[in-house]
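Below are my notes on the model, as numbered points. Please read them alongside the coordinates.

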Amino acid sequence: MKNIFTLSKPPKPWGSRRKSQHRSPFFILSITIFTFLLLFIAYNHIPESLLSLSSKTLDPKFSQCHTTKAISPDKKFFLYAPHSGFSNQLGEFKNAILMAGILNRTLIVPPVLDHHAVALGSCPKFRVQSPNQMRISVWDHAIELLRRGRYVSMADIIDISSLVSSSMVKVLDFRRFASLWCGLDVDLACLSSLNAQPSLLDRLRQCVSMLSGLNGNVDGCFFAVDEDCRTTVWTYQSGDEDGVLDPFQPDEQLKEKKKVSYVRRRRDVYKALGPGSKADSATILAFGTLFTAPYKGSQLYIDINAAPRDQRIQSLIEKIEFIPFVPEILSAGKKYAFKTIKAPFLCAQLRLLDGQFKNHWKATFLRLKEKLDSLRQKGPQPINIFVMTDLPVTNWTGNYLGDLAKDTDSFKLYFLREEDELLAQTAQKLATAGHGLRYGVTRMEKPCPQRFSDVLLFIEQTVCSCATVGFVGTAGSTLAESIELMRKFDVCSTQN
């Protein structure tokens, strides 16, 4: 079969011998003028929003960081740039709550990004996007979600009500913040789409470009944290000398092969960015990614597991170990487990979009097979299995899932689909609840219409947390880790 990505060369419509061509000066001049006119016309017809934001002169009320009366002048805000899949975004959200708490800043709650719409790179390989690039990518994507009417806040999905009510953290939805900070005369949270308002969209892009750090720092207003996992591990009251070398450094091979010259140091976030620092005077403190993970005896970026001399932060650390989904999602997952499956079951996490599945799919299928073989020998059949997968049923033929589906005497498979009524009902309930918009500096005069289209992943995780027979997940997957955490905290202890 021909490779469809290989384009065959078209036959030449001319002979192999080329005649010498002589052009008159008048002809060359005409071509030059014509080309210039085309470029001039094209430039003047390019939408302003598509031109580089760095080349624009921003309205003074944006560049000088004038806030509206709705934002209290004594408030300080904390921004960050999440990335990758939902489980990674959730981990960063927890870290953001912690860092904002330490620095006593109001956390701007970001949207749930599309899966891998923004990628970081590899911290262990010292090959990552810069914080500035991350911020630009994230807020670009946030505006795109607003433009398409697909914006969903992290607080719409994750239940932070107890954290807020106990004053452990102060938060504000990004849409509300952007509306007020950018001086817009509309509430972005109440817009279903920005397509019909191009001037508003362009104005928002200009303002958010500053929040991304595109125009640099502004004294007393905006401070961008440019240290990332290549140079810094953030700590708090760790007992280490501030600025001491971290145990994980690039090895000699990496230094020589990739010309890596970074040195990783451990820095106390409160000393570096708290009271008395230049960053502390800024109204907005903006990080890049807040992703971290254990690696070679250290953490990739944030190593704060205890606050021995700060009881408030110690309580916050304990509280954010597990933050549940909002009640509407938990209720839907439990309903499926208790009223549809209605029997003890095993959960198998087999998602192709999971970054680790492609690396460990053989081992994952082997573990699942061993688990099922053991269950067949010990207990009654058929064995109930909830399959958490993004592989369409039509593609199960010829693989292990297809074999399980055909063996109806031994196994009974359950799975959720996008078109299931349970998902539509849950999406409607979430839209009505509007959890993300409950946190702000002003009360809503009227409910804002919202639209939720993708709740499948969250309900699947809840179902898996209810699997009493066991759970088989993908090794190294943050999604599997999230499900294990839900199981540890026994979210299915009640059917309500």
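Which residues in helix 3 meet which residues in helix 11?

1. I97, L98, G101 and I102 of helix 3 meet R312, I313, L316 and I317 of helix 11, where contact means heavy atoms within 4.5 Å. Helices (H or I, at least four residues) and strands (E, at least two) are DSSP runs, numbered from the N terminus. This is a predicted model, in which local features need pLDDT of at least 70 and side-chain atom pairs count only at pLDDT 80 or more, while totals for chains, interfaces and linings use all residues. Residues are numbered from 1 along each chain as its sequence is written, and side-chain values use heavy atoms, with hydrogens and water left out.

2. The axes of helix 3 and helix 11 (residues 311-319) come within 10 Å and cross at roughly 175 degrees. Axes are lines fitted to C-alpha atoms, for helices over the stretch in contact, and angles run from 0 to 180 degrees between N-to-C directions. That makes helix 3 roughly antiparallel to helix 11 (under 35 degrees counts as roughly parallel, over 145 as roughly antiparallel, 65 to 115 as roughly perpendicular, the rest as oblique).

3. The protein has 17 helices and 16 strands. Of its 496 residues, 49% are buried (under 20% relative accessible area; exposed is over 50%, partly exposed in between; 1.4 Å probe, protein chains only). Among contacts with a separation of 6 or more, 78% join residues 24 or more positions apart.

4. The largest nonpolar core has 126 residues, and F78, I157, L273, F287 and F386 have the most contacts inside it. Such a core is a set of buried Ala, Val, Leu, Ile, Met, Phe, Trp, Tyr and Cys residues joined through side-chain atoms within 4.5 Å. Helix 3 (residues 86-102) supplies its largest share, nine residues. A second, separate core of 19 residues includes L368, L391, Y400 and F411.

5. Leaving aside residues up to four places away in sequence, F386 touches a set that includes Y336, F345, Y414, E460, V463 and C464. Helix 16 (residues 456-465) is largely enclosed by the rest of the structure, because 10 of its 10 residues are buried. Among these buried residues are E460, V463 and C464.

6. Helix 12 (residues 327-341) and helix 15 (residues 421-433) have axes that come within 9 Å and cross at roughly 160 degrees. That makes helix 12 roughly antiparallel to helix 15. Helix 12 contributes E328, I329, A332, K335 and Y336 to the contact, and helix 15 contributes L422, Q425, T426, K429, L430 and A433.
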